[in-house]
Amino acid sequence: MPGDKGTMDAEAMDSETALEREATRVSPRETSGLTTRLIVQFVSGRAGDGGVERLLRMCGLEGRRDELEDENAWFSYRDKIRLLEATRLVLDDPAAPRKIGASAVGLNVGEAMKLALKAFGSPSVVYTNVAKVGSRLTTTHRWKLLLLEEGRARLVFEETGGGHGYDAANCEFNVGLLRSAPELFGLPAASVRHPVCALRGAERCEYEVTWASVPRKIGAGVAAGTAVGAVTAAVNRVARGPRAVFTLALGAPALGAAAQSARTRARVARARRREMQERLDAYEHQTRQLQASMRDLVSQLDLDEVLEKITEHAHSAVGGKQYALVLNTGGGELTCDRSAGIAADVAAVLEGWVASALASANDKPCVIEDLSTEPALAPLAEAGEQVVRSLAVAPLIFKGQRLGALVALSDQVEGFFPRDVDMLEVYAAQAAAAIANARRYEVAQTQASRDPLTGLLNHREFHEKLAQEIERSRRYGVRCSVILADLDGFKGVNDTSGHRVGDHLLQDVALDIERSIRASDLAFRIGGDEFAVFLPETQGEEARALAERIRSAVSSRDERVGISCGIATWPQDGVDKEQLLRSADLALYAAKEEAAGPGGRRRGRSGERGGVEQASDAERGALRADDLRRRSRQMALMGRIELRLRDAREPEDICRAAVEELDAEFGLALTLVMRVSADGRELVEVASRGLVTDRRRERGIVEWRQPMARGVTGRVARTGEPACLADARRDPEFIQTDLNRECAALVAVPIPLGGTVWGVLELEDAGVGTFDRDDQAALERLAGWMASAMESGTLQDELERAAGGTVEALLAALEARDAAAAGEAARIAGVAAAAGKRLGLDGEELGRLRRAALLQDVGNLAIPQEVMAKAGPLTASETGVIERHATAGAEILARAPSLADLAPVVHHSHERWDGQGYPDGLRGEEIPLPARIVAVASAYTAITSERPHRAAVDAEAAIRELRSAAGAQFDPEVVEAIIAGLDLADAHGGLTPPR
């Protein structure tokens, strides 16, 4: 009928045009992305991508397919209705909305929500929680349960008051959804009636749902079939010869029933297998999600990055909800540090409520199903910029410390499934460990770059940033300047008022300097009472004005103290960092001499204290001429020392390297480094070379010690001020004995570390005037290098502790998943470490082995809980899942910079000595030694531990098992090392075999 077809096309075109005219974009938080994804997936399956494009064009949603398939997105109610109505036209099927709803279980949509629904265990519980389910799909209408009986429910669907009304397409969609619920449990779809509809004049819509419990009916059939089979068997036992005809006649209906029963049992078995596979797939999806989250979190040490990752993963954990990360700032207050979709007034209410909730909580997650029942939260449930009707909160706890809380919010009453709360708790555990680790790393980074007393950047940062900024100035063709500043009279404050007052004064001076400079300038504390300022893109009078501002501010602070400043500008005062600093040093000493006046006493004319100087042209010329004579020798020496310091980590090694190079270059009477003792009362020799040292050792004096209160060296250590003496014998504090009787010239500089004097580097030599200011400046730079090398070693230790924190974070995640397995990790590490010592591992190698042993099962995060806890034999597919955990664990560790070196050990920890292991089938010594050790240690611990399917084996029997597997599964040498090391392992958390 061509005429009818043309009429239908015309009507369809008119409908399309009407839909296009109606299409507008409105408030997005009315229809969940779960619904829009379901619609798009259904149309794609029936009409392909072309059908989806036509659908979106008809609804005015072109180019938004990715957004519509985002389950965490939200759209307007009208978007939903337009999409449902348009599917009828695109698919030429009036029943399309109902079929879309009915396809919810079969399509790849809402897997996390389906997993949560399956956890309810039966259709009746799903229908009981219909309000929670509905809140995931829409905010414009709500569901209520009116009646629930065996296999029957009556449900209400009504507006929430927004004036959105009802629509026939939505009614059909609801029918389809309600039909699909039993299919979650392998049951046939439900029957749904819609006797009361708002479109027929009623105030609301009502639906009647009935469903069948197939397993119950099948069970009865199986029982009946079994009874018939038993009768038939009894008859057959007495039927012989001619009676066989009777037997067959009687057995025919019985055999038919038995066959039917067998088919029914097979169908039930298939349904159950399908359901188990679906659950396994869902759990795998959830586990991959958790694994990806943990991988993301442990790969970050920057606190801001970690916080961003947490909020991002929280959004995935409780899809479609708003969320907030409320953190303890350290002063006892809680702040809404990160949030998504939360108004400021809501965040303020949350901060106050979470603080009181955590104070009285039992450290477990909780759900407030209806905020109107909670006085402190009730205002959030009222009409306003943002309405919140229920929330779930999980505390962030790490090693007993409450760091804050992770909060998810819903605009519906009873908006959370039990699974939501479980997932929120798991993510909160991950988040707490990641936050604690990132904070520890942040503290380590800050301590490595900041002076702990003043908060200014430290000596190491000064040299690094100065070199960087000079290079930047060279690259962009701009000038820059540096100010070196030294307090005048500070020693007198310490001597008369004590070091506590002196410390407060240093803090005040640092504050004055920061207030005097610009935001683009950088301030440093580079010694006891020495400061520096870097001035980018600054020269001449502008630099002098800033230095004068600093001098004026400090001079007005305390009448006993002034400050002298030396200025040098790149490139005219020095073409590199070293020359620039020497020019600034010259200017600083000139300023100090000017301030001191005749006789070395500070002039204080016109009430001014201190001075500001810049190197003159003559001084710069002399400096450059002198550089030609000294530079090659000095640079060669410093280059050698720097190379040696680069490989040194321990303070003793650093000091020894510096002393040996200085002695080899200059052959002085004494080259000495002494450190301040732990109690601060003595200076103790660390390294020394020269004639004085040789004499002392000839007399059997192995180690030189002297009181901090005595000597020029003690003075330098106490005050932090260097000493350069042409003839030290004229200084009343100089200690001269027959050991150093020839010595006259002395230069000693403090070695600053962590804002205090760690020790003193001292040179002594015969003759007068051997050392000058340039030698002192060079020695101070060397002391700075030594301090930097020590700080680098300390920072490395801190970073290793941060790596330990990452290990703790992963172990916390494992413990949340499987407390018993996490507890065994320490035992495995103890057994492995004891064996590693016997096999010659030490130092970093042994530490790496221990960490790898602790984390060798981190890939268990990728194994579904059902498989982990299974008591019986594993299927082939389940075995494959188990065997993937080594690779998954290696992938997790490879993403964490501090643990990447452990990845190969974990990856190969399940290889076999005979090559029959996994994942790569390596054999013999192709397998890394640490992996071979971990494999045996893990096996021993597993054998001696309780398992769901067997009791623990005692140590003696376990040893027999290990020896029987040596040469096939395990490296024989490693097996013997494990057994021999078990006594040692007891100290490390391992097991000791019985005597």
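Analyst: A polar contact is a pair of N or O atoms within 3.5 Å; within protein, one atom must be able to donate a hydrogen and the other to accept it, and residues adjacent in sequence count only if both atoms are side-chain atoms. The structure shown here is a predicted model, in which local features need pLDDT of at least 70 and side-chain atom pairs count only at pLDDT 80 or more, while totals for chains, interfaces and linings use all residues. Residues are numbered from 1 along each chain as its sequence is written, and side-chain values use heavy atoms, with hydrogens and water left out.

User: Which side-chain oxygen reaches the backbone nitrogen of Glu956 at the start of α32?

Analyst: Helices (H or I, at least four residues) and strands (E, at least two) are DSSP runs, numbered from the N terminus. At the start of α32, the oxygen belongs to Asp954 and comes to within 3.2 Å of that nitrogen. Just after the helix, Gly967 adopts a positive phi of about 90 degrees.

User: How many helices and strands does the protein chain contain, and what share of its residues is buried?

Analyst: Buried means under 20% relative accessible area, exposed over 50%, and partly exposed in between (1.4 Å probe, protein chains only). The protein chain has 33 helices and 22 strands, and 51% of its 995 residues are buried. Of the contacts between residues at least 6 apart in sequence, 65% join residues at least 24 apart.

User: How is an aromatic pair described, and how many does a search of the whole structure find?

Analyst: A pair of aromatic rings is described by the distance of the centres and the angle of the planes. Rings of Phe, Tyr and Trp (its six-membered ring) pair if their centres lie within 6.5 Å; planes under 30 degrees apart count as stacked, over 60 as edge-to-face and the rest as tilted. The search finds four such pairs. In one of them, Tyr127 and Trp211 are tilted, at 5.0 Å centre to centre and 45 degrees between the planes. Tyr127 belongs to helix α7 (residues 123-128) and Trp211 to the loop between β6 (205-210) and α10 (214-238), so the pair ties together parts that are 84 residues apart in sequence. Both Tyr127 and Trp211 are buried.

The pair of Trp143 and Tyr207 is tilted because the ring centres are 5.5 Å apart and the planes stand at 40 degrees. Trp143 is in strand β3 (residues 141-149) and Tyr207 in strand β6, so this pair ties together parts 64 residues apart in sequence. Trp143 counts as buried at 10% relative accessibility, and Tyr207 at 0%. Ring pairs link Trp143, Phe157 and Tyr207 into a cluster.

User: Which residues have the most contacts inside the largest nonpolar core?

Analyst: A nonpolar core is a set of buried Ala, Val, Leu, Ile, Met, Phe, Trp, Tyr and Cys residues joined through side-chain atoms within 4.5 Å. The largest has 44 residues, and those with the most contacts inside it are Leu893, Ile933, Tyr940, Leu962 and Ile978. Elements giving two or more residues include α25 (819-838), α31 (929-943), α32 and α33 (972-985). The largest share, eight residues, comes from α31. Leaving aside neighbours within four places in sequence, Ile978 contacts Val831, Ala835, Ile933, Val936, Ala937 and Leu962. A second, separate core of 30 residues includes Leu117, Val126, Tyr127 and Ala198. Helix α32 (residues 955-965) has as its buried residues Ala955, Ala957, Ala958, Ile959, Leu962 and Ala965.

User: Which strand pairs with β12, and in what sense?

Analyst: Two strands pair if DSSP finds at least two bridges between them. Strand β12 (residues 480-488) pairs with β15 in the antiparallel sense over nine bridges. Within β15, Ile563 is the bridge partner of Leu487. Strand β15 (residues 562-570) is mostly covered, with nine of its nine residues buried.

User: Is Lys132 buried or exposed?

Analyst: Lys132, in helix α8 (residues 130-137), is buried, with a relative accessible area of 7%. Leaving aside neighbours within four places in sequence, Lys132 is in contact with Glu369, Glu414, Phe416 and Phe417. Lys132 and Phe417 are 285 residues apart in sequence and 6.8 Å apart in space, C-alpha to C-alpha.

How values were computed
Contact means heavy atoms within 4.5 Å.
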